[in-house]
Amino acid sequence: MIKYIIPKEKELKSVKKLSENAGRRLTELMFINNIDDTYVAKIVGRERSVVARYRSGTIEMPKDVIVKLSQRFGVSKLWLMGFLDLES
């Protein structure tokens with residue numbers, strides 16, 4: 001028999017919050033660098049609509065996208081994911 005692990009509502013909210021934080025950070029980087037979704041899509045190898053969903057927090061950014069963005073913009077992966085308040 002297969003048992004399914006159902007996350008608690010609090011855990012789901014925290015994951016959603018992280019996605020939203022990462023989306024805000026991406027939006028901030030795009031504003032500072034005066035670039036749009038199309039440019040970011042080329043950097044990360046995704047469709048423009050997917051980048052828009054990252055920014056809105058609708059979907060989580062995969063690890064490979066976080067790595068590419070952090071390298072391109074010179075920010076830490078933790079900052080981009082929303083864990084750190086200040087870039088160190």
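# Helices, salt bridges and confidence in a predicted protein model

Student: In which helix is confidence lowest, and in which is it highest?
Tutor: Good place to start, since this is a predicted model. Confidence here is pLDDT, the predictor's score for each residue from 0 to 100, and helices are DSSP runs of H or I with at least four residues, numbered from the N terminus. The lowest confidence is in helix α1 (residues 9-32), with a mean of 77, while the highest, at 96, belongs to α2.

Student: What ground rules apply to the residue numbers and the side-chain values?
Tutor: Numbering starts from 1 along each chain as its sequence is written, and side-chain values use heavy atoms, with hydrogens and water left out. Because the model is predicted, local features need pLDDT of at least 70 and side-chain atom pairs count only at pLDDT 80 or more, whereas totals for chains, interfaces and linings use all residues.

Student: What is the average pLDDT of the protein?
Tutor: Where pLDDT is low, the predicted coordinates should not be read in detail. In this protein, 76% of the residues score at least 70. The average pLDDT is 83.

Student: In what order do the elements of the protein run?
Tutor: The protein has 5 helices and 0 strands, a strand being a DSSP run of E with at least two residues. Read from the N terminus, the order of elements is α-α-α-α-α.

Student: What percentage of the residues in the protein is buried?
Tutor: Buried means under 20% relative accessible area, exposed means over 50%, and partly exposed lies in between (1.4 Å probe, protein chains only). Among the 88 residues of the protein, the buried share is 31%.

Student: Is D37 buried or exposed?
Tutor: D37 sits in helix α2 (residues 37-44). Contact means heavy atoms within 4.5 Å, and beyond its neighbours within four places in sequence, D37 is in contact with M30, R48, V51, A52 and R55. Its relative accessible area is 10%, which means that D37 is buried.

Student: How far apart are the closest N and O atoms in the salt bridge of R55 with D37?
Tutor: A salt bridge puts a side-chain nitrogen of Lys or Arg within 4 Å of a carboxyl oxygen of Asp or Glu. R55 and D37 form one, with their closest N and O atoms separated by 2.7 Å.  This pair links distant parts of the chain, 18 residues apart, with R55 in helix α3 and D37 in helix α2.

Student: Which residue meets R46 in a salt bridge?
Tutor: The whole structure contains 2 salt bridges. R46 is partly exposed because its relative accessible area is 27%. The side chain that meets R46, at 3.1 Å from N to O, is that of D64.

Student: Where in the protein does S70 lie, and is S70 buried or exposed?
Tutor: S70 lies in helix α4. Not counting residues up to four places away in sequence, S70 touches V75, S76, K77 and L80. At a relative accessible area of 5%, S70 is buried.

Student: Which residues form a nonpolar patch on the surface?
Tutor: A patch takes residues with over 30% relative accessible area and no salt bridge, joining like charges within 9 Å and nonpolar side chains (Val, Leu, Ile, Met, Phe, Trp, Tyr) within 5 Å. The patch members have about 260 Å² of accessible area together, by the Shrake-Rupley method with a 1.4 Å probe, where for residues only the protein chains shown count as cover. One of the members, L78 in helix α5 (residues 77-81), is partly exposed at 43%. The patch consists of L18, L78 and F83.

Student: What is the phi of N34?
Tutor: Most residues other than glycine have a negative phi. N34 lies in the loop between α1 and α2 and counts as exposed, at 70% relative accessibility. Its phi is positive, near 50°.
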